[in-house]
Structure formats: structure tokens, C-alpha cells
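Okay everyone, thanks for coming.

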Amino acid sequence: SLKWFYWQNSRGLLPKVALDCPCAFSTAAQQRSTGDECGPEDPRDEPRHPLSERTLELKASKLEEQVRDLTERYRKALADSENVRRRTQKFVEDAKLFGIQSFCKDLVEVADILEKTTESTERETEPSDPKPTLKKIYEGLSLIEAKLQSVFAKHGLQKMNPVGGKYDPYDHEIVCHVPAEGMQPGTVALVTQDGYKLHGRTIRHAHVGVAVESQE
């Protein structure tokens, strides 16, 4: 304290430095006080030991494995997405092509009736008839039938012509067997009902008679 300082000074016990600069004792005391208050160094301030090389290699290996796994998942997801896109596109295209399939099935029955009527009119037409009414009707029906088949072809609907060709269960339905006279067995010999395809897809099977070997 200041009283102690001046008391020591009056007795001549303080050195000259202390007399010239009484603040030195205060500074030293403060330093001692500060040094007493400071504890050991905070262990958190100590430098951490670096990770070992083996630990770093293990972490790198795990990261590489995760990258490979994510890459494989991404490729699979991309492939699945592409497959879905293709299937959707195919579905849309088929819907455009075959959306009229049911309508065509009903319309070919009308074509059957028109064809039979035309054939019947042709048989009843007589060239010597002074009133060629049936002949004109026949010609008109023939024009209508030809136009109808043209419209069918325009929209991808085509009549099958299997006579003379090989029997195909995907296109033909056997309704009878006929002797193979001059024809290979298994060949379509006659047609009792025309078959139709829409853009290559069979929408109605042709009813056919298939040639077989005659048994004597």
C-alpha cells in the first residue's frame, strides 16, 4: 500500500529505482497477482495429433465405395427412366395407330355385306335385259366397294389374300379341310370369310379351308 511505501522510504530502506519509480512495485505486484490467477494451459489449446495415414486411407476407401454405389444407382435410375419414356412413347404411338381398331372391326362387317350384295347382283344381271337396272346397280355397288377398300388402305386396314399361301394360325382360322388337288398340303385352298389387318396387326382372322392329302 502507499502507507507502507512511504514508511519504508522514510527509513531509507527502498532502493533508488524504487524511489524514482514507485509504480514499479505496483507493476510487479500486478504481475505476481496475474501469475497467481492464471492456471495451467487449457488442454483444448494444445495442438491435436494429425490423423494417421491408415485412417485417411480407410476414409478415402469408404468415400470411393459410396461414390461407386451412388453412380450405379444413378445409372439404374437413368435406365429405368429411359425405359419408361420408351414404353410411354410406344403406348402413345399404338394409341394413334390402333385407336380405331374397334371401329374397323365393325366396319369390315359392312364391307362383307356390300361384297356379298355386289356378287349377288352380278349373278342376276343378264346382258340381254332391255332394262339394265341391275347392271347399273351392280356397277354402282362395285364402285362403292372399291372406294371403301381404298379408304381402308388409306388408314392402314387391309384385306388378307391367303389363298395359295401357307396356313398361319395367327392370321387364319380353319373351318374345313379340302383335298389337296394340285396344292401342297397345309396350303390355304379357299376363304369363306375375309380376314383383315390394321397396320400389320390381325384384327379379324380369315376363315379358310386348308388342303390336306386325300386318303384313298
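So, to start: how many disulfides does a search of the whole structure find? The answer is zero. And keep in mind that this is a predicted model. As for individual cysteines, Cys104 counts as buried, at 5% relative accessibility, while Cys176 is partly exposed, with a relative accessible area of 27%.

Now, on to helix α6. Which residues of α6 are buried? They're Leu141, Glu145, Leu148 and Phe152. Looking down the axis of α6, those buried residues fall within an arc of 65°, so they line one face of the helix. Turned away from that buried side you've got the exposed residues Lys136, Leu143, Lys147 and Lys154.

What do the buried residues of α6 pack against? That would be α5, β1 and β4. Take Phe152: leaving aside neighbours within four places in sequence, Phe152 is in contact with Leu107, Val108, Ala111, Leu157 and Tyr196.

Okay, zooming out. The largest nonpolar core has 12 residues, including Cys104, Leu141, Leu148 and Phe152. Two or more of its residues come from each of α5, α6 and β4, and α5 gives the largest share, four residues. Apart from that core lies another one, of five residues, among them Met160, Val188, Ala206 and Val210.

Note on methods
Residues numbered from 1 in each chain as written. Predicted model: local features only at pLDDT ≥ 70, side-chain atom pairs only at ≥ 80, totals over all residues. Heavy atoms only, no water. Disulfide = S-S within 2.5 Å. Buried < 20%, exposed > 50% of the residue type's maximum accessible area, 1.4 Å probe, protein only. Arc of directions from axis to C-beta. Contact = heavy atoms within 4.5 Å. Core = buried A, V, L, I, M, F, W, Y, C linked by side-chain atoms within 4.5 Å.
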